[in-house]
Amino acid sequence: MKKADNFDAGKWLVENKLTNQSRLDELSSNTFKSAINVSKERGTDRRTYKLGELYLNQFIGKDLIGGKITNIGVHSPQQSNYRNIAIEVTKSIYQDSGYNKGENKLIKDYIYYDIDNDLFYMESVEIDRKDAVVLAKIALKINPDSRYKETGKYFKIKGY
């Protein structure tokens, strides 16, 4: 009986990787997009964004375009006709002049991916190959048949 008294169900679930996150990772992209549509129909924009954060959280903390991904979510407002992913990248910029000279300043930058048109709104910006790979993985998580399977073809890669 002592073993049963010390049993922690939550700890057992985590140790055996049976968490909500593991279930979300098992979702197909079609199921995820259907969930976005249902959430949009119900007008639960915040829930849609949160669902996107959970589904795409494996990308949080990844290096991207001179910073790190600090937030990622899905926008699909009820009163609009678009669905996109907003990727928030936080960069640390050294201040070399002015009042804050010698300090680092955190700057947030955003990259948007249009789910329906399979398009990143930054194709004219030169990026490193490793950044293109991260962006392609995000697109492929949502659209397995994305044109971004060919990483170098649709991004402007530095040095190519």
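**View 1. Asp-118 sits in the loop between strand S4 (104-114) and strand S5 (119-120).** Helices and strands are DSSP runs, numbered from the N terminus: a helix (H or I) has at least four residues, a strand (E) at least two. The model is predicted: local features need pLDDT of at least 70, side-chain atom pairs count only at pLDDT 80 or more, and totals for chains, interfaces and linings use all residues. Residues are numbered from 1 along each chain as its sequence is written, and side-chain values use heavy atoms, with hydrogens and water left out. Look at the backbone of Asp-118. Its phi is positive, about 50°, although Asp-118 is not a glycine. Is Asp-118 buried or exposed? Asp-118 is buried, with a relative accessible area of 13%. Buried means under 20% relative accessible area, exposed means over 50%, and partly exposed lies in between (1.4 Å probe, protein chains only).

**View 2. Ile-65 lies in the loop between strand S1 (63-64) and strand S2 (67-75).** S1 and S2 form a hairpin with two residues between the strands. In that hairpin, Ile-65 takes a positive phi near 50°. Ile-65 is not a glycine either. Its relative accessible area is 23%, so Ile-65 is partly exposed. Now follow the strands on each side of the loop. S1 and S2 pair in the antiparallel sense over two bridges. Two strands pair if DSSP finds at least two bridges between them. Asp-63 stands opposite Lys-68 in S2.

**View 3. Five strands form an open sheet in the order S1-S2-S3-S4-S5, with antiparallel pairing.** S1 and S5 stand at the edges, each with a single partner strand, so one side of each has no neighbour in the sheet. How many bridges join S2 and S3? S2 and S3 pair over seven bridges, in the antiparallel sense. Asn-71 stands opposite Glu-88 in S3. Gly-73 has Ala-86 in S3 as its bridge partner. In a regular strand the side chains alternate between the two faces of the sheet.

**View 4. Strand S3 (residues 84-94) is mostly covered.** Eight of its 11 residues are buried. Strand S4 runs antiparallel to S3, and 11 bridges join them.

**View 5. Helix H4 (residues 29-42) packs against helix H5 (residues 45-55) at an angle of about 160°.** Their axes are 9 Å apart. That makes H4 roughly antiparallel to H5. Axes are lines fitted to C-alpha atoms, for helices over the stretch in contact, and angles run from 0 to 180 degrees between N-to-C directions. Angles under 35 degrees count as roughly parallel, over 145 as roughly antiparallel, 65 to 115 as roughly perpendicular, and the rest as oblique. Which hand does the crossing of H4 and H5 have? The crossing is right-handed. A crossing is right-handed if the near helix is turned clockwise from the far one by less than a right angle, and left-handed if anticlockwise.

**View 6. Side by side, H4 and H5 touch through residues from each helix.** From H4 come Ser-29, Phe-32, Ala-35, Ile-36, Ser-39 and Lys-40. They meet Arg-47, Thr-48, Leu-51, Gly-52 and Tyr-55 in H5. The residues of this contact divide into five nonpolar, four polar and two charged. Ala, Val, Leu, Ile, Met, Phe, Trp, Tyr, Cys and Pro count as nonpolar, Asp, Glu, Lys and Arg as charged, and the others, Gly among them, as polar. Contact means heavy atoms within 4.5 Å.

**View 7. Ile-36 is a residue of helix H4.** Ile-36 counts as buried, because its relative accessibility is 0%. Which residues does Ile-36 touch, not counting those up to four places away in sequence? They are Thr-48, Leu-51, Val-74, Ser-76, Arg-83 and Ile-115. Take Val-74 as one of them. Ile-36 and Val-74 are 38 residues apart in sequence, yet 8.2 Å apart in space, C-alpha to C-alpha.

**View 8. The chain has six helices and seven strands.** From the N terminus on, the elements run α-α-α-α-α-β-β-β-β-β-β-α-β. Of the 160 residues, 35% count as buried. Among contacts between residues at least 6 apart in sequence, 51% join residues at least 24 apart.
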